Amino acid sequence: MPKTKKSYRSNRNNPVEVSKAINAGSSAKLKKKIRDIERLLTKNDKLPADKRIEYERALKGLRVELQNSQNVLKAKQNATKYHMVRFFEKKKAIRKLKQLRKAFEEVEKTEVRKDIKKARKQLKHGEIDLMYVMLFPKSEKYISLYPSANDEDLSDPNVKIGLRKTEARRLEFRKEVEKMMEEGKVPFTVDDIMSGKKIQIDTTANSRSAPTEEIDAPEQKDSESQEDDFFE
């Protein structure tokens with residue numbers, strides 16, 4: 001029996017395989033599937049209108065999935081790269097917040113409204129700082145909340161521009177955190193963090209396929225002397 005020419009329905013680019021590429025989650029497989037469909041749409045002029053629409057929709061879905069996959073990979077890389085700085089900044093933020101809480105309690109005893117208001121504002125800033133460290137998206141390069149002094153050449157205009165952008169993003173995210181806290185959109189509390197409770201958080205912001213993982217290592221002993229043991 002003579003061989004018959006395969007139709008586009010049995011083509012390896014059939015939309016049935018699109019779900020397989022998505023489920024595989026591999027960027028390489030997703031890119032290959034995208035190229036295959038793009039090639040099919042470009043070269044096959046006889047493709048029926050309904051099938052062309054079907055492939056175009058599948059192509060859009062694959063592109064979104066590829067972006068999600070790349071975001072997750074980037075988040076994992078950033079989680080490793082900035083783990084230590086986030087870990088120590090979390091420790092510092094906790095230490096400062098403990099001091100601010102103690103100071104607020106002392107000021108409250110004075111019953112001086114002006115001083116109480118000021119201390120309450122400082123306490124709120126301390127809570128925002130801690131949430132900043134915890135919530136800063138891993139899909140981005142981490143911007144330190146407590147940047148150390150550096151030897152940047154401030155006479156270089158490009159350096160100045162970079163520093164201004166960094167500071168702008170730092171302030172922008174602090175405002176985002178403050179808004180989230182006010183609207184009750186943070187799935188854990190400051191006290192959860194202070195008590196050493198394990199916090200689970202999305203590794204990427206606004207990624208429907210992002211897994212969850214611990215943002216930091218489990219809490220060490222609570223005493224101030226033990227916090228520095230991590231260096232050893």
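The axes themselves are lines fitted to C-alpha atoms, for helices over the stretch in contact, and the angles run from 0 to 180 degrees between N-to-C directions.

Now, what you have up there is a predicted model, where local features need pLDDT of at least 70, side-chain atom pairs count only at pLDDT 80 or more, and totals for chains, interfaces and linings use all residues. Numbering goes from 1 along each chain as its sequence is written, and side-chain values use heavy atoms, with hydrogens and water left out.

Okay, the overview. We've got 8 helices and 2 strands in the chain; those are DSSP runs numbered from the N terminus, helices being H or I with at least four residues and strands E with at least two. Reading from the N terminus, the order is α-α-α-α-α-α-α-β-β-α. Of the 232 residues, 34% count as buried, and buried here is under 20% relative accessible area, exposed is over 50%, and partly exposed is in between, with a 1.4 Å probe and protein chains only. On to contacts, meaning heavy atoms within 4.5 Å. If you take the contacts between residues at least 6 apart in sequence, 70% of them join residues at least 24 apart.

So, the helix pairs. Start with α2, residues 27-43, and α3, residues 49-81: their axes come within 9 Å and cross at roughly 155 degrees. That angle is why the two are roughly antiparallel to each other. The crossing is left-handed, which is the label when the near helix is turned anticlockwise from the far one by less than a right angle; clockwise would be right-handed. On the α2 side, the residues that meet α3 include Leu30, Ile34, Ile37 and Leu41, and among their partners on α3 are Tyr55, Leu59, Leu62 and Leu66. By class, that contact divides into 10 nonpolar, 3 polar and 7 charged residues. For the classes, Ala, Val, Leu, Ile, Met, Phe, Trp, Tyr, Cys and Pro are nonpolar, Asp, Glu, Lys and Arg are charged, and the others, Gly among them, are polar.

Next pair: α4, residues 83-110, with α5, residues 113-135. Here the axes come within 9 Å and the crossing angle is roughly 165 degrees. That makes α4 roughly antiparallel to α5, and the crossing is left-handed. The α4 face includes Ala93, Ile94, Leu97, Leu100 and Phe104, and the α5 face includes Ile116, Ala119, Leu123, Gly126 and Leu130. The count for this contact is 12 nonpolar, 2 polar and 8 charged residues.

What sits in the loop between α4 and α5? Glu111 does. Its phi is near 60 degrees, a positive value in a residue other than glycine. For context, most residues other than glycine have a negative phi. Glu111 counts as exposed, at 66% relative accessibility.

Then α5 goes on to pack against α6, with the axes 9 Å apart and an angle of about 105 degrees. That makes α5 roughly perpendicular to α6. The α5 residues involved include His125, Ile128, Asp129 and Tyr132, and from α6 we get Arg170, Phe173, Arg174 and Val177, among others.

Let me zoom in on Arg174, in helix α6. Is Arg174 buried or exposed? Buried, with a relative accessible area of 19%. Its side chain makes a polar contact of 2.9 Å with that of Asp129. A polar contact is a pair of N or O atoms within 3.5 Å; within protein, one must be able to donate a hydrogen and the other to accept it, and residues adjacent in sequence count only if both atoms are side-chain atoms. Leaving aside neighbours within four places in sequence, Arg174 is in contact with His125, Ile128, Asp129, Tyr132 and Leu145.

Last stop, Asp191 in helix α7, residues 190-194. Asp191 is partly exposed, at 45% relative accessibility. Asp191 and Glu127 are 64 residues apart in sequence, yet 9.7 Å apart in space, C-alpha to C-alpha.

Notes
Angles under 35 degrees count as roughly parallel, over 145 as roughly antiparallel, 65 to 115 as roughly perpendicular and the rest as oblique.
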